[in-house]
Amino acid sequence: MFRSFSRMLATAAIGSLLILPAVGAIDEAEFANLMKQAGKLNGATKKAIDAGDGATITANAAEYSRIAKPVADFYKAKHVADAVEFANTMDSSAQKLAAAGKAGNMADAGAAFQAVTGTCAGCHNAHRIKNADGTYGFK
């Protein structure tokens, strides 16, 4: 009895390891929603930097980081290593943006913002296509 219970637990444990990459991955609809959120953040963050609004910059940086994690997971599940790296770089750049916003350093905020949006552009150039109907898809 104990041996079959142990075997059942071992089988369940191994089975759960096989599905781990899919856990936490978002679907394409949620991915598209996150991209729209990031686009809105770009405009708002640019305005906040121009206005010297450190509090908004800091809050927006936290949103970029919140977006980066599921985007990285999405591409990790699809085995697209460079896109995972773009998302991870977005997150680390967003952390620099938050620090600059908190310090009220608009020059550093501007540089960090350029790094954040640079990851967006790099990933879009590598992986996004515009469909005939005006929507976007994956290359």
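Analyst: Phe-31 and Tyr-75 are both buried (under 20% relative accessible area, with exposed over 50% and partly exposed in between, for a 1.4 Å probe and protein chains only). The model is predicted, so local features need pLDDT of at least 70 and side-chain atom pairs pLDDT 80 or more, whereas totals for chains, interfaces and linings use all residues. Residues are numbered from 1 along each chain as its sequence is written, and side-chain values use heavy atoms, without hydrogens and water.

User: How is a pair of aromatic rings described?

Analyst: The distance of the centres and the angle of the planes describe a pair of aromatic rings. Rings of Phe, Tyr and Trp (its six-membered ring) pair if their centres lie within 6.5 Å; planes under 30 degrees apart are stacked, over 60 edge-to-face and the rest tilted. For Tyr-75 and Phe-138, the centres are 6.4 Å apart and the planes are at 85°, so this pair is edge-to-face.

User: Which parts does the pair of Tyr-75 and Phe-138 tie together?

Analyst: Tyr-75 belongs to helix H3 and Phe-138 to strand E2 (residues 136-138), so the pair ties together parts 63 residues apart in sequence. Helices (H or I, at least four residues) and strands (E, at least two) are DSSP runs, numbered from the N terminus. Tyr-75 has a relative accessible area of 4%, while Phe-138 is partly exposed at 32%.

User: Which residues do ring pairs link into a cluster?

Analyst: The cluster consists of Phe-31, Phe-74, Tyr-75 and Phe-138. Over the whole structure, the search finds 6 aromatic pairs.
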